[in-house]
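Q: Could you walk me through this structure? I'd like to start with the overall picture and then go into details.

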Amino acid sequence: MNDTVLDVRNLRTRFGPARGGITAVDGVSLTLRRGRTTALVGESGSGKSVTALSIMRLIEPPGRIVDGEVLLDGQDLMRADERAMERIRGARIGMVFQDPLTSLNPALTIGSQIAETILAHETIGNAEAFARGVRLLEHVGVADAAQRARDYPHHFSGGMRQRALIAAAIACRPEIIIADEPTTALDVTVQAKILRLLHDLQQEMHASLLLITHDLGVVAAMADDVLVMYAGRVVERADVDTLFHAPKHPYTRALLACIAGVEDDRHAKLEPIGGAPPDLRNPPAGCRFAPRCQWADAACRATDPALRRVGPGQDVACIRVAEALVDA
Amino acid sequence: MDASVQPPADSAAKPFRLRWWRLTAFARDRGAVVAGVVLLAITAGAIFAPWLSPHGPYEADNLLRFAPPGTDGYLLGTDQQGRDMVARLLWGGRVSLAVGVVPTLCASAIGLFLGMLAGYARGIVDQVIMRTLDVLFAFPMVLLAIAIAGVLTPGVGTEILSITIVLIPYVGRLARTATLGVVSMPYIEAARAAGGTPLAIMLRYVLPNVFSPIIVYATTLMGLMIVVGSGLSFLGLGVQPPMADWGAMVSDGRVVLRRAPHVTVLPGALILIASLAFNFIGDGLRDALDPRAGRR
Amino acid sequence: MGSFVGKRLLGVLPVMFGVSVVIFVLMHLAPGDVATVLLGPQATEAAKLELRHALGLDQPLPLQYATWLWRTASGNLGTSIATQIPVSALVLPRFVNTLILTVASLFLSMAIGYSVGLFAALRGGSLLDRGVMSLTLIAGSTPPFWLGLILVLLFALRLRWLPVSGMVDMAGDGGVPDVLVHLILPAITTALGPAAIITRMVRSSVREALDRPHVRVARAKGLKRGTLLRRHVILNALPPVMTITGLQLGYLMGGALLTEVVFAWPGLGSLLYDSVTARDMPVVQATALLIALTFVLVNILVDFINVVLDPRLREA
């Protein structure tokens with residue numbers, strides 16, 4: 001039963017001075033279960049990337065993590081010292097970043113950048129690590145891997161670089177893979193292939209995948225569980241089927257209304273969400289989505305809603321939903 | 001000392017307009033303002049030397065040679081011929097400052113012209129100009145200055161001439177790079193298509209954008225040239241006695257370094273202060289005119 | 001890569017050609033008449049004419065230039081007017097001495113610059129960092145000849161720890177330790193300015209490299225801090241640092257010149273100065289040519305090292 005690999009509780013990360021800074025991640029909790037893919041969805045600025053970086057303890061000044069626990073197999077990563085984190089990063093949690101064009105060191109060969117993950121965690125020789133790197137490169141779908149591993153990043157296309165970065169991230173077979181917008185910077189034709197690659201690798205290693213994205217299409221294709229973030233908070237949490245067929249939070253519903261479905265009438269209007277996300281330096285007192293929500297009332301603007309279970313495996317942070325006044 | 005003459009690599013890459021309101025940002029940089037005040041004081045001292053110095057710079061009093069600072073009537077002491085140090089420093093400042101500022105201004109004007117010409121015309125004109133400048137670049141700066149100054153008749157004029165010649169390639173190269181940056185911008189294409197003559201385009205579009213990095217660079221160069229110029233005088237290749245500038249004074253004090261260090265220490269300190277002031281101002285100008293080039 | 005070096009070396013030829021023209025023209029602009037200098041103002045016109053003819057000075061200018069160039073290229077650098085010694089014999093030992101001073105100063109400036117610069121970069125924004133930056137500004141504005149004299153005043157005259165000038169102790173038997181002791185003050189004096197520049201460049205380059213995205217990616221792999229700094233920060237910060245360092249070597253030859261005069265160090269710089277003052281043209285020409293050639297070759301070497309360090313440049 002306890003196949004929870006990662007338990008994040010009440011994570012809070014701030015940027016800037018104590019007075020006037022922003023809380024980019026404001027009390028986020030999530031759970032990753034073995035072998036499952038969890039998607040973290042939200043628009044730019046919702047705090048999803050910062051959440052991932054906070055889990056990895058990769059936040060640097062002027063940012064700092066001010067509260068929360070991140071339990072990896074019972075060990076709280078927030079209390080671990082830097083040495084311990086170095087042992088965990090790459091070995092137990094691997095991360096794939098957004099922009100493959102800038103994520104590789106132009107002065108080192110592709111192969112050595114894959115091998116260095118291995119060398120950081122295992123005591124083996126350079127030659128052997130490099131050979132394993134070549135095999136990994138092959139495994140992620142790069143043809144002629146032995147030759148290409150000796151190339152430099154500027155010889156690789158965007159899609160191939162992302163494959164190489166994925167190879168480096170999974171080189172030590174981590175239990176958790178965090179992928180932060182892995183396909184956003186890639187051509188559409190390449191996106192599907194990379195996502196498929198991530199999926200296959202995850203299945204093969206029986207790892208947990210935390211997929212961060214703003215693209216609902218990606219969520220539908222890949223995720224088992226979904227968390228929707230808005231203005232630094234989680235506003236809805238459900239499994240993927242429930243989310244797409246029975247979304248409850250007004251923001252989630254609005255998001256889904258933005259995209260066209262295959263069955264929709266081609267002349268139906270796309271409904272954008274009016275307004276803009278709140279300025280996090282001065283977040284509204286009550287529900288953060290209230291200014292843009294068509295069902296908001298005075299109570300919404302006054303009280304900050306907490307996540308509440310509203311259905312089997314579905315949590316929503318909305319007073320109106322909790323009161324079952326909004327039509328499901 | 002010499003290698004700081006090279007302009008920073010990115011200074012020409014992003015052309016921008018000289019905006020006068022940006023100079024108010026300069027006023028907020030305290031270091032630069034203090035430096036400006038110091039420089040003003042030194043310059044004023046040099047200009048008003050005849051009225052400020054208690055004695056004449058050539059008045060020698062053989063009985064009072066090497067008087068230490070604090071001697072009655074001689075605030076900073078006297079030199080090897082009994083001449084008042086205060087007077088010598090003030091009058092010497094005229095030459096030292098001139099040797100720092102004048103060649104830089106001349107070289108900047110010429111270098112700006114050549115660089116813009118090369119960058120705008122391209123082709124054979126560009127090649128010829130740059131190859132010629134390359135030849136000058138093949139000499140370490142001090143060497144070239146000494147060679148020129150040493151070969152011609154020594155004097156302040158020669159000093160100024162040699163430093164000007166030495167500086168032209170540096171300014172020229174910067175101006176050319178900046179011009180290339182501007183010329184690749186789409187609005188130049190538009191201006192040409194609208195029928196602008198090359199001269200008009202150069203004056204209206206290229207010049208204002210190239211001006212800013214050149215000004216910043218030139219200010220820093222002035223500080224450096226005060227040092228280089230005084231170096232030439234130190235070697236005897238600049239001013240001739242009895243006229244002296246700070247560099248020559250440092251040289252004069254060499255033989256009595258032990259007995260009367262103030263003869264050497266004081267003028268050198270002034271060179272340092274003046275050069276430092278120019279550097280601060282140059283840094284302040286750079287930060288004020290283009291905040292993107294900041295180092296933080 | 002071999003073709004890169006080949007092409008660059010080929011490019012040296014036209015530049016050196018231009019350099020030789022400049023030197024030749026400069027020499028002939030010099031006022032004063034060689035014959036008068038050699039024979040004295042009392043000499044007769046006839047004697048001067050004969051000497052000028054013997055020295056080939058009545059030939060048309062281009063012919064004189066060609067003759068000079070040909071002779072220089074084949075190793076005949078002429079004879080010093082002042083000392084009547086063949087110039088090549090004069091110049092070469094001095095070249096070695098200057099090389100010693102220049103290389104020592106370079107290493108010193110690199111040692112100071114890299115360590116202090118890295119130190120400041122890793123503590124960016126702190127008081128130490130800003131203190132270091134102010135110090136570099138002061139060091140870069142200090143006239144080296146004055147600094148040299150101050151050091152001599154302090155360490156040689158007042159404290160008597162170090163020798164005042166020269167390369168070896170005349171009364172002693174020489175040897176490496178003696179040279180080293182004499183090298184200390186001149187090297188510090190020459191190294192200070194370049195050290196300041198290198199420090200600033202290292203600091204800004206490392207700060208910039210620290211901000212690059214691939215550093216965070218490397219951290220996410222769990223690399224240890226030392227490995228991370230080495231492979232992903234310092235390696236990437238090197239190219240501009242190498243360029244600046246290489247530039248220093250060439251400029252140091254010029255800066256060492258003033259130091260040589262202050263410390264009476266028997267190198268090319270003091271030779272150039274002495275011969276310029278004495279109007280000993282063959283020596284001036286040969287020295288200037290040699291310094292320029294070295295400078296140009298050093299710059300090519302620096303470009304070559306840059307290409308080795310940054311693979312992206314190889315195709316350019």
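This is a predicted model: local features need pLDDT of at least 70, side-chain atom pairs count only at pLDDT 80 or more; totals for chains, interfaces and linings use all residues.

Q: What helices and strands does chain A have?
A: The secondary structure of chain A comes to twelve helices and twelve strands, and its C-alpha atoms fill a box of roughly 65 × 50 × 40 Å along the principal axes.

Q: How does its radius of gyration fit with a compact globule?
A: Chain A has a radius of gyration of 21 Å, which agrees with the value near 20 Å that a compact globule of 328 residues would have. Of these 328 residues, 46% count as buried, and among the contacts in chain A with a separation of 6 or more, 62% are between residues 24 or more positions apart.

Q: Switching to the other chains, how many residues are in contact between C and B?
A: On the chain C side there are 50 residues, in contact with 43 residues of chain B. Several helices of chain C each supply at least two residues to that side, including H1 (2-29), H8 (176-210) and H12 (281-309), while H10(C) gives the most, with twelve residues.

Q: And what is that side made of, nonpolar, polar or charged residues?
A: The residues on the side of chain C that touches chain B divide into 38 nonpolar, twelve polar and no charged.

Q: How do H6(B) and H11(C) cross?
A: The axes of H6 (residues 141-151) of chain B and H11 (residues 268-278) of chain C come within 9 Å and cross at roughly 15°. That angle is under 35 degrees, so H6(B) is roughly parallel to H11(C), and the crossing is right-handed.

Q: Which residues make that contact?
A: From H6(B) they are Ile146(B), Gly150(B) and Val151(B), and from H11(C) they are Leu272(C), Tyr273(C), Val276(C) and Thr277(C); these divide into five nonpolar, two polar and no charged.

Q: Back to backbone details, where is there a cis peptide bond?
A: The bond from Pro61(A) to Pro62(A) is cis, with omega near 10°, and Pro62(A) lies in the loop between H1 (48-55) and S4 (63-72) of chain A. Most peptide bonds are trans.

Q: Which residues other than glycine have a positive phi?
A: One of them is Asp73(A), with phi near 55°, which sits in the loop between S4 and S5 (75-76) of chain A. Another is Ala264(C), where phi is also near 55°, in the loop between H10 and H11 of chain C.

Technical notes. Residues are numbered from 1 along each chain as its sequence is written. Chains are lettered from A and ligands numbered from 1 in the order in which they are written. Axes are lines fitted to C-alpha atoms, for helices over the stretch in contact, and angles run from 0 to 180 degrees between N-to-C directions. Helices (H or I, at least four residues) and strands (E, at least two) are DSSP runs, numbered from the N terminus. Angles under 35 degrees count as roughly parallel, over 145 as roughly antiparallel, 65 to 115 as roughly perpendicular and the rest as oblique. A crossing is left-handed if the near helix is turned anticlockwise from the far one by less than a right angle, and right-handed if clockwise. Two residues are in contact if their C-beta atoms, placed from the backbone, lie within 7 Å. Ala, Val, Leu, Ile, Met, Phe, Trp, Tyr, Cys and Pro count as nonpolar, Asp, Glu, Lys and Arg as charged, and the others, Gly among them, as polar. The radius of gyration is taken over C-alpha atoms; the globule rule is 2.2 Å times the number of residues to the power 0.38. A residue is buried if 20 or more other C-beta atoms lie within 10 Å of its own, exposed if 12 or fewer, and partly exposed in between; C-beta atoms are placed from the backbone.
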